[in-house]
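Good morning, and thank you for making time for this item. I would ask everyone to bring up the chain on the screen and follow along as I go through it.

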Amino acid sequence: MAQPTMSSVAARGSDFSPLLREVKAAGLLERRTAAYAMAIGINVVLMALTWAGIAVIGASWWVVLLAVPLGILTTRAAFFGHDAGHQQIGSSRKLHDWIGMLHGNLVLGMSYAWWNDKHNRHHANPNHTDKDPDVGEGVFVWTLQQAEGRKGLEGWLTRNQARIFFPLLTLEGFNLKVSSIRFLLARRRTQQLELGLMAAHIVLYFTALFLIMSPAQALVFALVHHMVFGLHLGSVFAPNHKGMEMPEADSDWGHLEKQVLTSRNVNGGLVVDWMMGGLNYQVEHHLFPSMPRANLRFAQPIVREYCESIGMPYVSTGLIDSYRMGLRHMHAVGEELRSNPE
């Protein structure tokens, strides 16, 4: 199911140091603080204009249409929070924490601390079922072992998970909020600032909606907004690892093979680059998580050439093919339950 396979990585060469030196020499690890300031500023202005449009349209069902661009711009804000967590923007950890909390907790209603905890564990051991929370057993399962013995609703979800994957992504915006609140409440003595910012988000967001619209319109707007956000964000992260190598518990891979073999790039030009926030260069992002996101596409040819020179599989495919590979893997995981239903 997972591919590509590589049974003797160490024998084929996997030294990360030469690649790191080449990338450093190209200046691709240097901060781009001014560019980030401009990009963040543009996104803030566009979000403000969208909210201004919402206020102007007011209590009309046409206002729901603006939930779509707001969902897209909200995803852009999530990208900046993600980058802050990776320390990509400036040289100060305090600066990154404030950028992360303002984008995550205040703008998105999603805990920056929760995201960092989860996402850093993913980066440390991508696609490792015991260590990567993104492939842990939950609504979806990623291995035959996880699928074994699932019955009732869980069994139905596993049998049909490839079919319902994208529809369920529309709920991800709500899931991020719920998971964040649970995380912060369990740590409320140490996370008071984040709790306060999240509370401010909820109060400001729903106060604005209910002041501008009727209750029914406000609820529909919030639903569409979060569905677009969840689908967009999930569609960015979904094709990056699903269907790729999944290390065994006793795997002894180094940094290079651990990150390259479990990751997949998505081709598509400037449009795909923009919609996916540059995270379609997932191999490079995993190898160099502190690299400014805008530099990933410049690192891509360097990394690809190096992997080819040492005989390491490097996967880069189109957007549709990337989704097909991930869904094919999910479908295969549920095959046994489909063959032997309850």
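The UniProt record, an unreviewed entry, assigns residues 60-317 to the feature "domain: Fatty acid desaturase". What we have on the screen is a predicted model. In that model the span 60-317 is 62% helix and 2% strand, and its end C-alpha atoms are 43 Å apart.

In an unreviewed entry, UniProt gives "transmembrane region" for residues 34-54, 60-78 and 197-213. For residues 60-78, the model shows 63% helix and 0% strand, with 28 Å between the end C-alpha atoms. For residues 197-213, the figures are 94% helix and 0% strand, and the end C-alpha atoms lie 24 Å apart.

The largest pocket holds about 850 Å³ of space. Its lining consists of 30 residues, and those closest to the centre are Lys118, Asp134, Phe140, Glu172 and Asn175. Which elements give two or more residues to this lining? They are helix H5 (112-124), helix H8 (161-169), helix H9 (172-185) and helix H11 (215-237). H5 gives the most, with five residues. Sorted by class, the lining has 15 nonpolar, 10 polar and five charged residues.

The second largest pocket has a volume of about 640 Å³. Here 23 residues form the lining, and Ala39, Arg76, Trp274, Arg293 and Ala294 lie nearest the centre. Two or more residues come from each of helix H2 (33-57), helix H3 (67-85), helix H13 (269-275) and helix H15 (296-309). H2 gives the most to this lining, with seven residues. By class, the second largest pocket is lined by 15 nonpolar, three polar and five charged residues.

Next, the nonpolar cores. The largest one has 21 residues, and Leu19, Leu256, Leu287, Phe288 and Val303 have the most contacts inside it. The elements giving two or more residues to this core are helix H1 (17-25), helix H12 (255-260), helix H14 (282-287) and H15. H15 provides the largest share, six residues. If we take phenylalanine 288 and set aside residues up to four places away in sequence, this side chain's residue touches Phe16, Leu19, Leu20, Val23, Leu29 and Val303. Apart from this core lies another, of 19 residues, among them Ala113, Met198, Leu233 and Val272.

Where is glutamine 88 found? It is in the loop between H3 and helix H4 (93-108). Is glutamine 88 buried or exposed? Its relative accessibility is 1%, and therefore glutamine 88 counts as buried, the cut-off for that class being under 20%.

What is glutamine 88 in contact with, leaving aside its neighbours within four places in sequence? The list comprises Arg31, Tyr36, His82, Asp83, His96, His285, Pro289, Ser290, Met291, Pro292 and Arg293. One of these, Arg293, is also among the residues nearest the centre of the second largest pocket. Finally, glutamine 88 and glutamate 30 are 58 residues apart in sequence, while their C-alpha atoms are 8.9 Å apart in space.

That brings me to the end of my part, and I would be glad to take questions.

Definitions and conventions:
Residues are numbered from 1 along each chain as its sequence is written. This is a predicted model: local features need pLDDT of at least 70, side-chain atom pairs count only at pLDDT 80 or more; totals for chains, interfaces and linings use all residues. Side-chain values use heavy atoms; hydrogens and water are left out. On a 1 Å grid over the protein atoms alone, a cavity is a set of points where a 1.4 Å probe fits but cannot get out, and a pocket is an open set with protein on both sides within 12 Å along at least five of seven lines; lining residues have an atom within 4 Å of a point. Grid points are joined across faces, edges and corners, and a volume is the space filled by probe spheres set on the points. Helices (H or I, at least four residues) and strands (E, at least two) are DSSP runs, numbered from the N terminus. Ala, Val, Leu, Ile, Met, Phe, Trp, Tyr, Cys and Pro count as nonpolar, Asp, Glu, Lys and Arg as charged, and the others, Gly among them, as polar. A nonpolar core is a set of buried Ala, Val, Leu, Ile, Met, Phe, Trp, Tyr and Cys residues joined through side-chain atoms within 4.5 Å. Buried means under 20% relative accessible area, exposed over 50%, partly exposed in between (1.4 Å probe, protein chains only). Contact means heavy atoms within 4.5 Å. UniProt positions are given in the numbering used here, feature names are shortened, and annotations may be inferred rather than shown by experiment.
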